[in-house]
Amino acid sequence: MEFKMTEGGFTTELEYGKLDISGNEEYGFRPYQLLVSSVAVCSGGILRKVMEKMRYPFEDITVNAEVERNEAEANRIEKIELTFYIKTAEWNEQKIEKAMHLTRKNCSMVQSVQDSIEVVERAKWVQQ
């Protein structure tokens, strides 16, 4: 990937389209937003695949990401808490725990940051 400087940040052209990145939200996505989005969406996508392979019936998954940052250390991300809201008619705690374990193990973004950012995952049932 190549990033070119713009008036308010940087931009890159990717297969899907243009991505503007800036420390100022008026000019693009903030870097921490992209990092958190990568962790959340990677995890959500893996959870979806795992549940499909398990033939676990679900209608929808929504991921909520809460972020803790440390202002004293360059506002670094200390912790990301992911809550997966799974819309399903039935809830099997053991199968969900297994799916969550496999998700963490197979999400490349979580594996990439696990030694520097605490990532906490939990699943909640949304009844159909």
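Two strands pair if DSSP finds at least two bridges between them. Keep that rule at hand, and keep in mind that this is a predicted model.

**Exercise 1. Get your bearings: how many helices and strands does the protein have, and in which pattern do they follow one another?**

Solution. Start with the count: there are three helices and six strands. Next, walk along the sequence, and the pattern reads β-β-β-α-β-β-α-α-β. For the overall dimensions, the C-alpha trace spans about 50 × 35 × 25 Å along its principal axes. Finally, of the 128 residues, 30% count as buried.

**Exercise 2. Work out in which sense strands E2 and E3 pair, and what lies between them.**

Solution. Step one: E2 covers residues 10–13, and E3 covers residues 18–21. Step two: the two strands are joined by four bridges, in the antiparallel sense. The cut-off is at least two bridges, so a pair with four of them qualifies. Step three: look across the pairing, where Glu-13 stands opposite Lys-18 in E3. Step four: with four residues between them, E2 and E3 make a hairpin, and Gly-17 in its turn has a positive phi of about 155°.

**Exercise 3. Sort the residues of strand E3 by face: which are on the covered face and which on the uncovered one?**

Solution. Begin with the general rule: side chains in a regular strand alternate between the two faces of the sheet. Now apply it to E3: Leu-19 and Ile-21 make up the covered face, while Lys-18 and Asp-20 belong to the uncovered one.

**Exercise 4. Decide whether Met-5 is buried or exposed, and find the patch it belongs to.**

Solution. First locate Met-5: it sits in strand E1, residues 4–5. Its relative accessible area is 69%, and since exposed means over 50%, Met-5 is exposed. Then turn to its patch: Met-1, Phe-3, Met-5, Phe-10 and Leu-14 form a nonpolar surface patch with about 570 Å² of accessible area together.

**Exercise 5. Find the aromatic pair and describe its geometry.**

Solution. The structure holds one such pair. Its members are Trp-91 and Trp-125, stacked at 6.0 Å centre to centre with 20° between the planes. The pair links distant parts of the chain, 34 residues apart: Trp-91 is in the loop between strand E5 and helix H2, and Trp-125 is in strand E6.

Notes: Residues numbered from 1 in each chain as written. Predicted model: local features only at pLDDT ≥ 70, side-chain atom pairs only at ≥ 80, totals over all residues. Heavy atoms only, no water. Patch = residues over 30% accessible without salt bridge, like charges linked within 9 Å, V, L, I, M, F, W, Y side chains within 5 Å. Areas by Shrake-Rupley, 256 points an atom, 1.4 Å probe, with all protein chains shown as cover. Salt bridge = Lys/Arg side-chain N within 4 Å of Asp/Glu carboxyl O. Buried < 20%, exposed > 50% of the residue type's maximum accessible area, 1.4 Å probe, protein only. Phe/Tyr/Trp six-rings, centres within 6.5 Å; stacked < 30°, edge-to-face > 60°.
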